[in-house]
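Let me put the sequence and the model up, and then I'll walk you through it.

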Amino acid sequence: MSDRLVIDSLDFARNAGSRHGKISLIDFTRLHDLLFDQEGELIYRISGRYDKNEKPGLYIEITGKIHLNCQRCLGKLVHHIDLQTFLILVKNEEELDLADEDDTIDAILAVPDLDVTHLIEDEVILSLSIASCHAEGECSTLKLKSAESDLTGKTQSAHPFAALAALKKTN
Ligand SMILES: [Zn+2]
């Protein structure tokens, strides 16, 4: 297990704090259901700053490589994480609701004991909301299927050519 980093979020933003490190994928327990395996780690940097409206927030960068399940063949899919996000710190649920209505900003509740691992895991999970698949033709079952049809489809494969030949004759 990596050491879990816990920060006082508002203090961190006000003092322009900056921390970086690596988190093993084994520690992202909520992410596990989405992963093909738990190999690897993510590199993060978190820094406190103010946005252009003088609101305190956290700037987060996350990079690394994870293995997802392809939604088509369920095989191993290498996925590169390259996230940069700025989260405004708000003081209460009311401000959080207001921020949620604004699509241009992301906000989290300012807490004195923010678990950075948890936060990074949230951001990674959010970024994976789109179903992901291998590129066309790279699925493992598709390869298997085409190998099967090569074995069983010897007689069938004559048909398309026969049809083509027939077409050519009529022209
Ligand atoms: Zn696939």
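So, which residues touch the most other members of the largest nonpolar core? They are I46, L58 and I120, out of 33 residues in that core. By nonpolar core I mean a set of buried Ala, Val, Leu, Ile, Met, Phe, Trp, Tyr and Cys residues joined through side-chain atoms within 4.5 Å. Buried is under 20% relative accessible area, exposed is over 50%, and partly exposed is in between, with a 1.4 Å probe and protein chains only.

Before I go on, a word on where this comes from. It's a predicted model, where local features need pLDDT of at least 70 and side-chain atom pairs count only at pLDDT 80 or more, while totals for chains, interfaces and linings use all residues. Residues are numbered from 1 along each chain as its sequence is written, and side-chain values use heavy atoms, with hydrogens and water left out.

At least two of its residues come from each of α1 (9-14), β3, β4, β5 and α3, and β4 gives the largest share, 5 residues. Helices (H or I, at least four residues) and strands (E, at least two) are DSSP runs, numbered from the N terminus. Apart from this core there's another one, of 5 residues, including I88, V90, A99 and A107. As a general point, nonpolar side chains in soluble globular proteins tend to be buried together.

Take I120. Skipping neighbours within four places in sequence, I120 is in contact (heavy atoms within 4.5 Å) with I23, F28, Y44, I60 and I62.

Now the sheet. It's open, with 5 strands in the order β2-β3-β4-β5-β6 and mixed pairing; two strands pair if DSSP finds at least two bridges between them. β2 (18-24) and β6 (106-109) are at the edges with a single partner strand each, so one side of each has no neighbour in the sheet. On average, neighbouring strands are turned by 30° against each other, direction ignored. For angles, axes are lines fitted to C-alpha atoms, for helices over the stretch in contact, and values run from 0 to 180 degrees between N-to-C directions.

β2 runs antiparallel to β3 (residues 41-50), joined by 7 bridges. R19 is partnered with I46 in β3, and G21 with Y44. β3 and β4 are antiparallel too, over 9 bridges, with R45 opposite E61 in β4.

In β5 we have T85, buried at 13% relative accessible area. Beyond four places in sequence, T85 contacts L58, Y59, I60, D106 and E123.

H134 and C139 are both buried.

That's me done.
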